Protein chains: 2
Amino acid sequence: MKNSLLSGIQISTDKEDLICYSFDASIAESALPEAVAWPKNTNEVIRLIKYANENNLSIIPRGAGTGMAGASVPSANCIVLSFEKMRKILDVDTKNMTVVVEPGIVNRRLQKEMEYLGYFYPPDPASMNICTIGGNVATNAGGPRALKYGVTRNYIMEIEAAIADGKLITTGGRTYKKAVGYDLRNLLIGSEGTLAISTKICLKILPLPEDIMTLLVFFKNIEASGIAISKIISAKIIPRTMEFMDRFAIEAIENYKPTGLPLDIAALLLIELDGYPATIKKEAERIVDICHSLGGEATVAEDDMARERLWEARRSISPALYHIKPTKINEDIVVPRDKIPLILTELQRISEETRIKIISFGHAGDGNIHVNVMVDRDNKEEYAKGWEIIKKIFEITLKLGGSISGEHGIGITKAPYINMEIKEKELELMKGIKGIFDPRGIMNPGKILG
Amino acid sequence: MKNSLLSGIQISTDKEDLICYSFDASIAESALPEAVAWPKNTNEVIRLIKYANENNLSIIPRGAGTGMAGASVPSANCIVLSFEKMRKILDVDTKNMTVVVEPGIVNRRLQKEMEYLGYFYPPDPASMNICTIGGNVATNAGGPRALKYGVTRNYIMEIEAAIADGKLITTGGRTYKKAVGYDLRNLLIGSEGTLAISTKICLKILPLPEDIMTLLVFFKNIEASGIAISKIISAKIIPRTMEFMDRFAIEAIENYKPTGLPLDIAALLLIELDGYPATIKKEAERIVDICHSLGGEATVAEDDMARERLWEARRSISPALYHIKPTKINEDIVVPRDKIPLILTELQRISEETRIKIISFGHAGDGNIHVNVMVDRDNKEEYAKGWEIIKKIFEITLKLGGSISGEHGIGITKAPYINMEIKEKELELMKGIKGIFDPRGIMNPGKILG
């Protein structure tokens, strides 16, 4: 790969590297890229895109490869652009409460740096210890705190991005308001690298909440936990998180990383409040009352360490599940909040009928449930049955007014199902937009629109 | 206008109607439409679009015509679609905190209905007593409360809209999270009717805050008021509004609708806090301290009536200004918050140098200032000078990292300036998108992209 466009760029065609960068956290089929490049700055990103254009290669941008739908998995004839060398915080502007970063910065590091200054970057995907802000923007990543604080989209002020012809564009702005032209910024957010590759991102930050309170509530009845969620919100309390785990998810954690959670319950809720101490104390009391009235048993995490232990447990569910069955088909459906009890009941019924384990957990407060259909990929019959179940779950979800993806995106694995949710005309418009940004189709091909 | 497509649709070609629907609140040049139609439902909207297609007419959608940039002003060979007959609330879902409306519903009515149920729809443009939600969506309307609660964009969950070929599309969804395909919803929001016409809108609502506290602060020095804004936010207090008026704006109000505001001050801030009573009391004390330290004099509105009087005064500025000079060139620049003192000083300097009165007021908390250059349109020299000043103000604003429109949009009046802010490549992408939605260019032609 000798070419003046590549001069000074760290790039590898070693088989070991190609293999390491050929998969992500999803079960998407992997292909080997032609090369992996680690650009150090925007200029190198642009030169790589130009090189790809000249050599009929496509570009696969990659954050940390933690995606659940295969959006960073390579296809044939591509270069993977890994952002590991672009992870600087370029500017913190506390007066205007913004921070400018390179796309490769790890979410958790950004959070920690902001906390140190007394500020708060809310989006907290479960993979936050390694996932990158660039990847978060590409997938519009969520996380538990989305319930109160919204998803990544709500924190993106300005994106500098490279498009397919190697030109740089800037979308959004450094002001909180702006009403000038079409909203290209929101179009890029969640487009999974199929329209542009971000090279610099300006994010909004908030003042750090004064205090946090974490409650753990155990339920003997799964439906009661769903009703509790609805009742808490109806009481006009918006916790910053309201996480749900079913019995199987609790079992998986306790087998993998014992935390002392009880194994004789049907479900638990992990509820976190933040704000002024007096305010959240009042809200916590009200939540405890609501849960008690539904047979729930609530305890308050005593200190930061106890809280952190609970969250570590919550974040370990996904890896823990791999210990139960070789393959989990991991979905993240979302339904209107009041439909949570209904969908939980339906999932239980399907699992009983098909005798395939379905493990559910997730951000029940905003209706977003991670549904894991546990199968063995090598058992062809079981694996096929797993996918039938997924399709059935999608059908029920859509019938309830929900969506087939709350926060993981479409990538490769869900691309075959997108037309269950998005109608023909809307898909046609999306394809038209793709053609405007990337007429030759070199930007992360095969993702979202298939 | 006999055509089976129009059967049953209320439509007029009377000159009186054509004239009434030929202008809006801006100074955009008006043209007479061919007809004005008042569709009663989505089907009638679709049929009108089909009729327009068959007869080489364009479509100008219109809410209440309160736009400040001419987005609803007709051009030649068009039909105006007025949404006065589509103003129903179709569904209120308190469990999921959403409300579904027709586009013609008046903002204030929606707010009142939600308050009655204990809920809160925050966006509050100054014209809220008459402006419509459809128009708010088209322009991504803001308002004072945007400081804490964001603009219209932040409350739109789902839009059903008709596009240029008469097909209906649905964008967004009824769940709080969704990561499926490109974000067409945000593309429509703020597109000023140039991409699609909304026929049904699902909005997010919030629990009504427990209490509100309103503070009025007088400053003898204009720069001090700007610094106060920055210091309050730096103290990590986010009031729901932080409105600014300069001396001329106060004078204009007192001449038009006397409220008892002092005339010997340089500027005032109207600050409103909401939330739990104990919390906002603490925040108010801190704000009073900050303002005092800068020479500001603060008072608290004693009751709802006093508060409402202050807000009526604030909302009357815009009409009041018409009594000062026959023409106001009304802009709504926005700068990063910490640049407010700087821009205020610059505006004062320009006014002194050119001897043209510049009156400033607006949402200083988020950096959004309504700048009114007071001229007489019939005095050609003065009017031309007014536009030179506007261009100069835009230049300074952009140099400070700001934007030429915070919330009014581009419409017709600012279309000639859009390329001062949006670069060629981005404009090219926007034009490409316009072509995908509306290949024949019949949707609100001449707006935004000229």
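1. A polar contact here is a pair of N or O atoms within 3.5 Å; within protein, one must be able to donate a hydrogen and the other to accept it, and residues adjacent in sequence count only if both atoms are side-chain atoms. By that rule, 29 residue pairs are in polar contact across the interface of chain A and chain B, both residues being at pLDDT 80 or more.

2. A word on the ground rules before going on. This is a predicted model, in which local features need pLDDT of at least 70 and side-chain atom pairs count only at pLDDT 80 or more, while totals for chains, interfaces and linings use all residues. Residues are numbered from 1 along each chain as its sequence is written, chains are lettered from A and ligands numbered from 1 in the order in which they are written, and side-chain values use heavy atoms, with hydrogens and water left out.

3. Let us start with chain A as a whole. Chain A has 15 helices and 18 strands; these are DSSP runs, helices being H or I of at least four residues and strands E of at least two, numbered from the N terminus. The C-alpha atoms of chain A fill a box of roughly 70 × 60 × 40 Å along the principal axes. For 450 residues, a compact globule would have a radius of gyration near 22 Å, and the 22 Å of chain A agrees with that (taken over C-alpha atoms; the rule is 2.2 Å times the number of residues to the power 0.38). Of its 450 residues, 63% count as buried, where buried means under 20% relative accessible area, exposed over 50%, and partly exposed in between (1.4 Å probe, protein chains only).

4. Now for the interface. In chain A, 79 residues are in contact with 79 residues of chain B, contact meaning heavy atoms within 4.5 Å. The area buried between the two chains is about 6,400 Å², and carbon and sulfur atoms give 63% of it. A:K177, A:V180 and A:Y182 supply 15% of the area that chain A buries against chain B, more than any other three residues. Buried area is the accessible area (1.4 Å probe) that two parts lose on being put together, summed over both.

5. Charged pairs also cross between the chains. Ten salt bridges are counted between chain A and chain B, each being a side-chain nitrogen of Lys or Arg within 4 Å of a carboxyl oxygen of Asp or Glu. One of them joins B:D366 to A:K177, with the closest N and O atoms 3.4 Å apart. Among the elements giving two or more residues to the side of chain A that touches chain B are strand 9 (168-172) and helix 7 (222-234). Helix 15 of chain A gives the largest share of that side, nine residues.

6. Helix 8 of chain A (residues 247-256) is worth a visit. Its buried residues include A:A249, A:I250 and A:I253. Their cover includes strand 13 (241-246), helix 10 (304-315) and strand 17 (358-363) of chain A. At the start of helix 8, a side-chain oxygen of A:D246 reaches to within 3.2 Å of the backbone nitrogen of A:F248.

7. A:R349 and A:E346 are separated by about one helical turn, because they are three residues apart in helix 12. A:R349 is partly exposed at 32% relative accessible area, whereas A:E353 is exposed at 58%.

8. Two backbone angles deserve a look. Most residues other than glycine have a negative phi. A:R355, not a glycine, has a positive phi of about 55 degrees; A:R355 sits in the loop between helix 12 (340-354) and strand 17 of chain A and is exposed, with a relative accessible area of 77%. B:M97 likewise has a positive phi, near 55 degrees, but B:M97 counts as buried at 2% relative accessibility.

9. Finally, a stop in chain B. B:S318 is found in helix 11 (residues 317-321) and counts as buried at 14% relative accessibility. Its side chain makes a polar contact with the side chain of B:K328 (2.6 Å). Elsewhere in chain B, B:K434 forms a salt bridge with B:D438, the closest N and O atoms being 2.8 Å apart.
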